[in-house]
Amino acid sequence: MQRYIAFLDRFKYMIILGITLVTLLLAISLKDIAYEGNYRIWFNKDSSIIRDYDRFRATFSGDDTFVVA
């Protein structure tokens with residue numbers, strides 16, 4: 001354990017610089033990250049599930065409303 005602590009103490013600035021460089025290099029790709037919240041990405045365009053769901057929504061309106069009576 002003492003050798004490990006001595007190593008960390010001896011190379012502390014190089015370790016800080018290395019971690020900072022690795023973090024910056026990995027952060028470069030974060031500008032391209034995006035979230036696609038649409039459920040349609042999981043189905044084919046001609047999927048019968050999507051067609052049925054679209055027909056259901058056209059008949060009964062949207063699914064984003066909830067009424068408690």
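Reader: Of the 16 residues of helix 2, what is the number buried?

Author: This is a predicted model, and every value in these answers is computed from it. A residue counts as buried when its relative accessible area is under 20%. Helix 2 lies largely in the open, because the number of its 16 residues that are buried is zero.

Reader: How many Å apart are the end C-alpha atoms of helix 2, given what its residues should span at 1.5 Å a residue?

Author: Helix 2 covers residues 12–27, and at 1.5 Å a residue its 16 residues should span 22 Å. The distance found between its end C-alpha atoms agrees with that expectation, being 22 Å.

Reader: Which pattern does the chain follow when it is read along the sequence?

Author: The chain has three helices and zero strands. Read along the sequence, it therefore follows a pattern without any strand in it, namely α-α-α.

Reader: What share of the accessible surface of the chain belongs to carbon and sulfur atoms?

Author: The accessible surface of the chain comes to about 7,100 Å² in total. Of that surface, the share that belongs to carbon and sulfur atoms is 64%.

Reader: About how many Å² does the nonpolar surface patch that includes Met 1 cover?

Author: Met 1 sits in the segment before helix 1, which runs over residues 2–10, and at 74% relative accessibility Met 1 counts as exposed. Together with Tyr 4, Ile 5, Phe 7 and Leu 8, Met 1 makes a nonpolar surface patch of about 550 Å².

Reader: Is the pair of Phe 56 and Phe 60 stacked, edge-to-face or tilted?

Author: Being four residues apart in helix 3 (residues 48–60), Phe 56 and Phe 60 are separated by about one helical turn. Phe 56 counts as partly exposed at 43% relative accessibility, while Phe 60 is exposed at 57%. Planes under 30 degrees apart count as stacked and those over 60 as edge-to-face. With ring centres 5.1 Å apart and planes at 45 degrees, the pair of Phe 56 and Phe 60 is therefore tilted.

Reader: Where in the chain is Ile 33, and how far apart in space are Ile 33 and Thr 23?

Author: Ile 33 is in the loop between helix 2 and helix 3, and at 63% relative accessibility Ile 33 counts as exposed. In sequence, Ile 33 and Thr 23 are ten residues apart, and in space their C-alpha to C-alpha distance is 16 Å.

Reader: Which residue forms a salt bridge with Asp 54?

Author: The structure holds four salt bridges, and in this one the closest N and O atoms are 2.5 Å apart. Asp 54 lies in helix 3 and its partner in the loop between helix 2 and helix 3, so the pair ties together parts that are 14 residues apart in sequence.

Reader: How far apart are the closest N and O atoms in the salt bridge of Asp 52 and Arg 55?

Author: Both residues lie in helix 3, three residues apart, about one turn of the helix. An α-helix has 3.6 residues a turn, so residues three or four places apart point the same way. Asp 52 is partly exposed, with a relative accessible area of 41%. Between Asp 52 and Arg 55, the closest N and O atoms are apart by 3.1 Å.

Key. Residues numbered from 1 in each chain as written. Predicted model: local features only at pLDDT ≥ 70, side-chain atom pairs only at ≥ 80, totals over all residues. Heavy atoms only, no water. Patch = residues over 30% accessible without salt bridge, like charges linked within 9 Å, V, L, I, M, F, W, Y side chains within 5 Å. Areas by Shrake-Rupley, 256 points an atom, 1.4 Å probe, with all protein chains shown as cover. Salt bridge = Lys/Arg side-chain N within 4 Å of Asp/Glu carboxyl O. Helix = DSSP H or I, 4+ residues; strand = E, 2+ residues; numbered from the N terminus. Buried < 20%, exposed > 50% of the residue type's maximum accessible area, 1.4 Å probe, protein only. Phe/Tyr/Trp six-rings, centres within 6.5 Å; stacked < 30°, edge-to-face > 60°. Expected span 1.5 Å × (residues − 1).
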